[in-house]
Amino acid sequence: MKLFALLICLSFSPAAWAQSQSQAEKPTGNLVAGQIEQQQNQKLDVTVMDENGLPVISAQIFLVRAETQTVFRGETGNSGRFEFTDLTPGLYRLRVEKEGFYAASSQDVRVGQTDNVEVSLNREQEIRESLNVTHSPPAIDLSKTAASEELSSREILNIPYKSNRDYRGVLSYIPGVVKDETGQIHINGAATYQNSNQFDGFSISHPANGLLELRVSPDALRSIEVKSSRYSAEFGKGSGGVLNLTSAMGDDRFRVAVTDFIPSFQLRKGVNLNNWTPRMTFSGPLRKQKAWFFDAIDGEYNLDIIRELPSDADRADAWRLNNIAKAQVNLNQTNILTTSFLINRYESSFSGLSPFNPLEATRNLRQSAYLFTLKEQSYRSRGMLIELGFGINQYRLEERPLGDLPYVIRPGSRTGNYFKTAEGLARRLQWIANLTLPTVQWHGRHEFKMGVDFDRVTFEQYAERRPISIRRENGTVSREIIFVDSPRFSKNNYEVSGFAQDRWSVSNQWLAEIGLRLDWDAIIRRALISPRLAFTYFPRRNGETKLSAGFGFFYDSTNLTLVTHHLTGQRFDLFYTRDGKTQRGEVETVFAVNERDLRAPRFLNWSVGVEHKLPASIYMRLDFIERRGSRGFTFIDLGAFQPGQRSSLFELSSARRDRYDAVQISLRRKFKESYTLFLSYTRSAARSNAVFEMSLDNPIFSQQGGGPLPWDAPNRLISWGWMPLIKGFELSYALEWRDGYPFSLVNSDQQLVGPPNSTRFPDYFSLNLHGEKRFRLLGRHWAVRAGFNNITNRRNASSVDNNVDSSKYLTYGDSSSRALVGRIRFLGRK
């Protein structure tokens, strides 16, 4: 905090303020070399667009005067525009760069005769379509105040992560992001529902529980960005961080790509099918230079074989089908209309199969989801941009057991049929409107942006539960659970948000982003005000070092699954003595929710960071991040639980407190042809005073308690990259090492033993090593990849017998072993 306060004082010191006033009439671009020419008040407006006519944000613009080689520098804003002022008339040379695009250079401009220039940047393609193109070199983004990491489409495809048909797998190779065993991601120690997940600017978090369940082909993604701290007031309803998925769009060439059209096999209990994950994308013009389309379809069939189970009951299969279709029409030079439709279907037989959960105790799952979006962008004079959008996001779930046999929980195993049948439907209708104003010159350069967001959320659920019998090691009954279910219920919510922010280039070396956000919903019914402040400082004008700092208040969306717990029913727990026949107590469990007493969960997040270009073009980044949360939702037992008491009332309260601290350092080196090496280490702690997820279905009896969160990994090292080998071969790798996740211990009565999450899984280590060869065959481009996932064959535990009374206590089950994998891609013609 002392460093943070010092930076604030420096930014607003009288000397800095006087310097900004003296330069108010000077060009806002950086003067890198040469002398300042005599000011003639000439202007040059540079607009940078991509191949589809959309603005390119944070593009680096270099304007070089031919006569004196004086270099002026600027960066485009939200409308893809930057205005140079007070230029001397004459001949200049213009160059525009942005990482992930081919550079545009050697364009001559005569200032005094031309006052505006439009530059088109083309995105990098896997296959070069021209020999006269150059990649934009990596650079420290001087206009970015947020702590964020971004993966390009090429990195998404080249990093050899496990389950490469699921984009969520590659997220664990981003610093500060961990993935749990269910596939859900956690940013900065936050629960998944505390993240703001967006797809092309629309929310894709599950409307009721906030989980990340929408799937899209990795081949359809143009980039993945994770904002972990210092993000602006534009982003709300997520205290952990922001996940931005940006999808691709076609251009003026027809393109087809096909991946993984040959199934893979596994050597587990003989030779068996492992999975088949075919993917295909095709895109092109509907009308050249005016309208384009893009479509990506992917399917999946997966077979899991559990080595610890008997051969006639050791297999679980699942299939999935996803498709996204997009279209963009440039109605005229200033209006762009974009629409998309994404659909998911998933079915799993014997879901939940594991060494401790046999076939008969599994369940059949059926899930479906879709997302429809429509967005209109209107570009006005002087860089004004108006965005209007509408989206619908829906999720449906069906969960059914295999039969109606009694469900029995024994130490180390389950028998009988799963106890619950459930159906659920959640839907979000979203309207958004954003306005970017023309830049204003006043003691520096100001970029104002404001917007509103209105959401209508609906949630419906039905569940039918059968009794659960909990037995000891000797087979006697320890406890029986009887449910009294409620009928089908529904819950609606309305959310309204608004924000305003200003990106203020105070001087040539200081940039501040000041914002204010307002959120309100129909459940909390309080106006939630979130001030944000972040700034960057460039000690040197060569752009090789950047200091950043910021803080802000953040709120989470109201979790409907928590506020509807009291509508799911109640349960009775019957406790028995050692003979398993004599009843020794009965407890009625009831959940209560009083919405008028709830306060919105609030977090104070702050961070400081340093970015620096080291020798050999290695880019180093060091960040310290802290999150402090209060008023989080959790269920508290109003009476101290004892097996003999008659009732246990769990009331939803705003008593949860979370904290997260992390120091992370990252090194990145990019080589010619975009070959990349990346290394990151994070030391962190994610803790809470309420780590249990209380629910009607959870058989564990315990008071709410504090400890490390289930996804806490104090030490974590990740590295990935790809590099050229001999004769056109490429080698790619992905490495992750971390501490094992924590878990709690229970006894035969399913009562907590010891502090919550007091024991950890063994350390996790995985190294994937793949080789790839690209070649031409029959006039087409192909890429063939082969390699090993988990090449060290480390048995990373994914389940455990945590019952201290079990004969298999602390026996770990794993689903990972060395796997030979391959990938064939058809990349189309040049």
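Q: Given that contact means heavy atoms within 4.5 Å, which residues does isoleucine 174 touch, not counting residues up to four places away in sequence?
A: This is a predicted model, in which local features need pLDDT of at least 70 and side-chain atom pairs count only at pLDDT 80 or more, while totals for chains, interfaces and linings use all residues. Residues are numbered from 1 along each chain as its sequence is written, and side-chain values use heavy atoms, with hydrogens and water left out. With residues up to four places away in sequence set aside, isoleucine 174 touches Glu149, Leu151, Val226, Arg716 and Ile718.

Q: Where is isoleucine 174 found, and is this residue buried or exposed?
A: Helices (H or I, at least four residues) and strands (E, at least two) are DSSP runs, numbered from the N terminus. Isoleucine 174 is in the loop between helix 4 (168-171) and strand 10 (177-179). Buried means under 20% relative accessible area, exposed over 50% and partly exposed in between (1.4 Å probe, protein chains only). Since its relative accessibility is 1%, isoleucine 174 counts as buried.

Q: What is the average pLDDT of the chain?
A: The pLDDT is the predictor's confidence in each residue, from 0 to 100. In this chain 92% of the residues score at least 70, and the average is 86.

Q: How many contacts does the stretch of residues 1-39 have in the model, beyond near neighbours in sequence?
A: Over residues 1-39 the pLDDT is below 50. Beyond near neighbours in sequence, the number of contacts of this stretch in the model is 63.

Q: Which residue in strand 8 is the bridge partner of valine 46?
A: Strand 2 (residues 42-49) and strand 8 run parallel and are joined by five bridges. The partner of valine 46 in strand 8 is valine 117.

Q: Which residue in the turn between strand 23 and strand 24 has a positive phi?
A: Strand 23 (residues 363-379) and strand 24 (residues 385-401) run antiparallel and are joined by 17 bridges. They form a hairpin with five residues between them. The residue in the turn with a positive phi, of about 60 degrees, is arginine 382.

Q: Which residue in strand 33 is the bridge partner of phenylalanine 499?
A: Strand 32 (residues 489-505) and strand 33 (residues 510-521) run antiparallel, with eleven bridges between them. A hairpin of four residues connects the two strands. In strand 33, phenylalanine 499 has as its bridge partner arginine 517.

Q: Is the ring pair of tryptophan 720 and tryptophan 722 stacked or tilted?
A: Rings of Phe, Tyr and Trp (its six-membered ring) pair if their centres lie within 6.5 Å; planes under 30 degrees apart count as stacked, over 60 as edge-to-face and the rest as tilted. The whole structure holds 22 aromatic pairs. For tryptophan 720 and tryptophan 722 the centres are 6.3 Å apart and the planes at 15 degrees, so the pair is stacked.

Q: What is the distance from arginine 465 to the ring centre of phenylalanine 483?
A: A charge sits over a ring if NZ of Lys or CZ of Arg is within 6 Å of the ring centre and within 35 degrees of the ring normal. Lysine 773 lies over the face of phenylalanine 729, at 5.3 Å from the ring centre. Arginine 465 lies over the face of phenylalanine 483, and its distance from the ring centre is 5.9 Å.

Note on methods
Two strands pair if DSSP finds at least two bridges between them. Contact means heavy atoms within 4.5 Å.
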